[in-house]
Amino acid sequence: MPPPRRAQLASLLRLRAFSSLAHHPPLSPTPRRHQFVAADPSAPAATGRAGVGNPLDPAQLLRDDPVSITASLWVSSFRATPAAAAPSLAPFLSRLELWVLAYQKAYADETGSYLPRSSIPVSTLSSLLALRNAVLDSRFRFGNRLTPFLHSPRADAAHDPATLSKRKLRALLTTPGPAPFQDRVVQELLLLLLEPVYEARFSPKSFAFRPGRSPHAAIRTIRRSFAPYLWYIKGDLSPLLHSPDPALVVGALIRDVRDKKVVDLIRSALLTPAVTMRPGDEDAANKKKKKRKYQKKKVLPEGEPKPDPYWLQTFFGFAPEEALTQPDWGHCGVLSPLLANVCLDELDKWMEEKMKEFYKPSKSDVVGGDDGVEQGNTSWPEFVPTSGPDKTRKVDYIRYGGHFLIGVRGPRADAAVLRKQLVEFCDQRFRIKLDNENLPIEHITKGIMFLDHVLCRRVVYPTLRYTATGGKIISEKGVGTLLSVTASLKQCIKQFRKLEFLKGDREPDPQPCFRMFHATQSHTNAQMNKLLLTMAEWYRYADNRKKVVNFCSYILRGSLAKLYAAKYKLRSRAKVYKIASRNLSRPLKDKKGQSPEYHNLLRMGLVDSIDGLQYTRMSMVPDPDYTPLPSGWRPDHEKILLEYIKLTDQQTLEEQRSCIREEGLITPQDYISMLVWSYKKNALLLPSSKESDHEGLTKDLGSDTDELGDKELGNLDHLHSSKVAEMS
């Protein structure tokens with residue numbers, strides 16, 4: 001058997017156990033835990049409206065695993081075709097198990113800790129049941145702070161609105177603050193229901209606010225797919241993320257979701273006015289905050305989540321422009337990013353049609369052929385070919401949030417025509433006015449910045465070796481251009497200056513980070529090391545990763561040296577480096593004696609436990625990651641879902657059986673089953689003689705193993721002969 005065929009059979013046999021479980025339902029009527037197809041959202045016992053038992057008892061309604069119910073929705077959404085209607089969400093909306101799961105997610109976001117299902121009080125389950133019934137009966141209203149059905153786990157005893165004074169009641173209704181806890185539970189539930197439906201329908205060209213599609217995935221996609229393009233159009237639709245039109249959002253939603261309860265909830269969340277701070281109140285709050293700037297900080301109350309550490313707050317300051325805009329639409333909360341992608345998915349689908357319209361292949365070009373399949377360059381996957389009338393013309397597109405990037409291969413006139421059509425589409429569909437200044441057409445030689453990475457061309461001179469006439473091997477220097485994806489050092493300096501780590505424009509001068517003045521040297525170094533490790537991971541796929549990470553290390557090291565010089569009164573950075581070494585790993589002393597942490601470390605014998613700063617030399621920085629992104633890339637969870645759907649398909653099982661039958665093989669499970677069944681069936685017979693028993697066993701075994709080869713059959717005869725000998 002050839003190796004490819006053997007590899008295919010090995011793969012099929014390895015997955016046979018999963019396919020058999022997916023094909024044959026369990027004998028027990030009780031659903032298994034974490035089984036995708038076991039949860040039936042339309043079961044009457046789980047709706048709480050009809051069924052056996054008390055519908056007001058939450059314990060009798062919690063029968064299935066909520067993860068299994070959610071997984072069944074993911075599987076059904078990915079199994080259906082994009083043109084098919086979305087599954088009905090009304091049965092899922094009434095499942096109390098999903099409400100409990102939404103409560104656990106909101107609880108973790110509120111308190112910073114996970115609450116097991118067994119630890120939820122009975123009173124909370126009753127409140128969840130009342131909230132669910134209010135949603136199903138259309139009695140729920142977003143922003144209700146007076147009479148909520150469910151209180152926050154961190155809230156004190158609920159106050160009766162009748163006992164509150166007018167001043168407290170006015171402050172409760174007009175003071176802006178976080179959304180009520182019950183609103184966040186409803187938002188989490190809607191996200192659990194809508195996310196699997198739309199993740200199966202979204203375009204693979206969008207990369208923001210979606211699981212598994214991070215900025216790194218977008219950068220790797222650009223490196224792999226945008227090499228052949230010379231003209232680029234960069235646009236910004238962030239105004240849509242700031243102030244959406246409710247009619248536009250609901251109109252985009254009802255094209256796929258037809259459940260009235262779900263649509264009405266989202267419409268109510270968009271139309272209900274949120275309490276916002278007036279301009280005068282905002283100025284007064286800022287003045288009050290300035291007055292309390294130097295006051296002593298209070299201790300956090302028990303149960304309140306701690307704020308982000310210093311290194312994480314600093315890293316958030318390096319967020320690129322494309323990731324700064326986070327949609328927050330009224331009372332939609334965590335549902336806002338998903339709704340933003342629902343609206344912008346129309347642009348993705350429109351651009352996919354334009355990509356087919358502008359595609360004009362050429363046989364003489366390495367980029368594409370008449371069959372529409374990209375040939376690429378196997379030796380240089382990032383090779384940027386030239387453009388001309390005899391070259392392939394094509395367009396590619398990628399979107400991250402409200403920002404998109406379009407690559408055009410061909411004359412600049414094609415980019416101008418596409419830009420004109422794009423302006424008309426955004427004006428008609430999103431009511432956003434764009435012009436040529438908002439959509440500039442730039443050449444690759446000028447450098448295109450996207451996600452704080454610059455796309456440009458780099459000239460290389462590879463050595464080309466080929467065989468000439470007569471078998472002579474010729475080696476000569478060639479000239480080519482590669483797509484270079486580099487981190488913007490200018491943008492990095494700008495972010496450091498905004499975070500007050502630098503001053504000066506021409507020659508950046510590090511400034512001391514006085515926020516860490518009262519921290520120990522070991523804690524300060526540990527915080528900065530976490531920041532450096534995160535920065536090195538963020539610039540993982542940049543060509544100049546070593547340079548930019550080493551520059552970040554230089555800035556942070558100079559900032560800490562100035563801080564330690566001021567803290568320990570050493571006057572200059574040179575003295576700090578002399579005592580603490582280049583990476584600031586040695587303990588420092590002040591004029592009065594030894595520093596407190598040095599005394600404690602010396603007493604415990606842990607003098608060398610202070611970690612030095614990372615990446616003080618460029619050779620210590622890891623190399624860029626040039627791992628190519630595979631063709632047809634999908635996130636891991638989508639791969640698992642598609643593989644599971646394939647294994648549960650009856651056609652796939654038949655292909656497996658036919659492939660095994662053609663090769664004359666048998667699965668180990670069937671082999672053992674035949675042995676056990678033949679032994680049990682023949683052990684009940686009373687043997688009359690040795691020969692008759694041998695013939696009967698051989699006959700019965702032969703009827704079950706018609707597809708076995710001669711070798712396997714001979715082994716079975718020998719095995720049963722020994723069994724007969726023992727019985728006789």
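This is a predicted model: local features need pLDDT of at least 70, side-chain atom pairs count only at pLDDT 80 or more; totals for chains, interfaces and linings use all residues.
Let's start with strand β2, residues 394-400, and strand β3, residues 403-409, which pair in the antiparallel sense over seven bridges. Together they make a hairpin with two residues between them, and Gly401 in that turn has a positive phi of about 70 degrees.

Now, how covered is β2? Mostly: seven of its seven residues are buried. Lys394, Asp396, Ile398 and Tyr400 point one way, while Val395, Tyr397 and Arg399 point the other way, and all are buried.

Next, the helices. α22, residues 545-567, packs against α23, residues 573-580, at an angle of about 95 degrees, with the axes 8 Å apart. So the two, α22 and α23, are roughly perpendicular to each other. On the α22 side you've got Arg557, Gly558, Ala561, Lys562, Tyr564 and Ala565, and they meet Arg573, Val576 and Tyr577 in α23. That contact between α22 and α23 splits into five nonpolar residues, one polar and three charged.

Last stop, the loop between α23 and β12, where we find Ser581 and also Leu584. Most residues other than glycine have a negative phi. Ser581, though, has a positive phi of about 75 degrees without being a glycine, and Leu584 has a positive phi too, near 60 degrees. Buried or exposed, then, for Ser581? Ser581 has 15% relative accessibility, so it counts as buried. Leu584 is buried as well, with a relative accessible area of 0%.

Key. Residues are numbered from 1 along each chain as its sequence is written. Side-chain values use heavy atoms; hydrogens and water are left out. Axes are lines fitted to C-alpha atoms, for helices over the stretch in contact, and angles run from 0 to 180 degrees between N-to-C directions. Helices (H or I, at least four residues) and strands (E, at least two) are DSSP runs, numbered from the N terminus. Angles under 35 degrees count as roughly parallel, over 145 as roughly antiparallel, 65 to 115 as roughly perpendicular and the rest as oblique. Contact means heavy atoms within 4.5 Å. Ala, Val, Leu, Ile, Met, Phe, Trp, Tyr, Cys and Pro count as nonpolar, Asp, Glu, Lys and Arg as charged, and the others, Gly among them, as polar. Buried means under 20% relative accessible area, exposed over 50%, partly exposed in between (1.4 Å probe, protein chains only). Two strands pair if DSSP finds at least two bridges between them.
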